[in-house]
Amino acid sequence: MSKEKKQLSLIERWELDIESYKNGATQILTCTPQCEKCRYFIKGNALHCEIYDNDNKPKYVLFPSKECPRYESIELIEVEINNQYDSKMFGGLFGFCVGDALGVPVEFSTRDERKIDPIKEMRAYGTYHQPFGTWSDDTSLILCLIESINDDYSIQRVADNFVKYYKHGYLTPYCDIFDIGNSTRDAIDRMIRGVNPVECGGKTEQDNGNGSLMRVLTLAYYANDMLPIKRIEIVEEVSSLTHSHKRSKFACIFYIEFVINLLHVDKKDEAYKKTIEFVKKYCTESYYEEIDNYRRILDGTITSYNEE
Ligand SMILES: [Mg+2]
């Protein structure tokens, strides 16, 4: 008669884990002690923490961080938010990074697939077989731009960071590039060969894509106070590193202006209207050949179209 192996409940496994942990954690069954990654952890003593009283720490919070309502990663980034502007700026930047990481495992899936199986939390594996929370080239390149701005912006500095990203996986989660757009790769290859950074982006219609749009967000916060003409120039300059066709540049200008307007007004409709006014005033002449391609956005009717 074969003896059936008893399946332990989670509670039982935690009990065993706690015992093992006390004895030097040789046989942890659930997972590595997450408490050690929590900011409230008391070093050398995972059975207690700063948040719970010594006696009251529920046993179940020791290992799986997800189950602990007080868990806060030791790697949390702290930012100072003093006003609504800060709140909107950090909201924009963190929202961007989180959205990017949420999307990585399902990149290239269809809208129908996502309707059946919507993304509600971080996932791993998927399209690129990456761990939870892995961000893509979008975030890496935006981080390159942020760093260049913090180091006293120059277009050469941005280009140098892009090269570091491409060669060494700089500002990627694991120093490794698992995806890069073709136009972006070609442009960075030109940077490496010594071409003037603003001459590196592809100029033909076929070179268009969202590759510069996806990484310029930071410019809204950097150029917010600049005069309109200067602001447009800087957006064009940063786009031209990888995407130099007017269609790509115009998309970036519109996007940045929309974000800037969102910083100053609370209603999306109002920000949208102001953005249309802005580009009509400042871009009609220089972008006349692109205006028609953006007709649905510029005549204010984009929200009335169906999804498909
Ligand atoms: Mg990407």
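Visitor: Which residues of helix 5 are buried?

Guide: This model is predicted. Helix 5 covers residues 155-168. Its buried residues are Val158, Ala159, Asn161, Phe162, Tyr165 and Tyr166.

Visitor: What arc do these buried residues cover around the axis of helix 5?

Guide: Val158, Ala159, Asn161, Phe162, Tyr165 and Tyr166 are the buried residues. They lie on the same side of helix 5, because the arc they cover around the axis is only 160°.

Visitor: Which residues are exposed on the other side of helix 5, and which glycine follows the helix?

Guide: Lys167 and His168 are exposed on the other side of helix 5. After the helix comes a residue with a positive phi, near 70°, and that residue is Gly169.

Visitor: How far apart are the end C-alpha atoms of helix 5?

Guide: Helix 5 has 14 residues, so at 1.5 Å a residue it should span 20 Å. The model agrees with this expectation, since the separation of the end C-alpha atoms is 20 Å.

Visitor: Which helices are included in what covers the buried residues of helix 5?

Guide: The buried residues in question include Phe162 and Tyr165. Their cover includes helix 4 (137-150), helix 6 (182-192) and helix 8 (228-240).

Visitor: Which element gives the most residues to the largest nonpolar core?

Guide: The largest nonpolar core has 38 residues, and those touching the most other members are Phe162, Leu219, Ala220, Val235, Ile253 and Ile256. Two or more residues come from each of helix 4, helix 5, helix 6, helix 7 (218-222), helix 8, helix 9 (246-264) and helix 10 (268-283). With 10 residues, the element that gives the most to this core is helix 9.

Visitor: With which residues is Ile253 in contact, leaving aside neighbours within four places in sequence?

Guide: Ile253 is among the residues that touch the most other members of the core. Leaving aside neighbours within four places in sequence, its contacts are Ile232, Val235, Val279 and Cys283.

Visitor: Against which helices do the buried residues of helix 8 pack?

Guide: Helix 8 has 13 residues and reaches 18 Å from its first C-alpha to its last, close to the 18 Å expected. Arg231, Ile232, Val235, Val238, Ser239 and Ser240 are buried in this helix. These buried residues pack against helix 4, helix 5, helix 7, helix 9 and helix 10.

Visitor: Is Asp138 buried or exposed?

Guide: Asp138 lies in helix 4. Not counting residues up to four places away in sequence, Asp138 touches Asp100, Met214 and Arg215. The cut-off for burial is 20 or more other C-beta atoms within 10 Å. Because Asp138 has 23 C-beta neighbours inside 10 Å, it counts as buried.

Visitor: What distance separates the C-alpha atoms of Asp138 and Cys97?

Guide: Asp138 and Cys97 are 41 residues apart along the chain. The separation of their C-alpha atoms is 8.3 Å.

Visitor: Where is Phe108, and is it buried or exposed?

Guide: Phe108 has a positive phi of about 75° although it is not a glycine. Its place is in the loop between helix 2 (84-103) and helix 3 (111-116). Since 7 other C-beta atoms lie within 10 Å, Phe108 is exposed.

Visitor: What is the phi of Asp152?

Guide: Asp152 is found in the loop between helix 4 and helix 5. With 7 C-beta neighbours inside 10 Å, Asp152 counts as exposed. Its phi is positive in a residue other than glycine, with a value near 75°.

Terms used:
Residues numbered from 1 in each chain as written. Predicted model: local features only at pLDDT ≥ 70, side-chain atom pairs only at ≥ 80, totals over all residues. Helix = DSSP H or I, 4+ residues; strand = E, 2+ residues; numbered from the N terminus. Expected span 1.5 Å × (residues − 1). Buried ≥ 20, exposed ≤ 12 C-beta atoms within 10 Å, placed from the backbone. Arc of directions from axis to C-beta. Contact = placed C-beta atoms within 7 Å. Core = buried A, V, L, I, M, F, W, Y, C linked by C-beta atoms within 7 Å.
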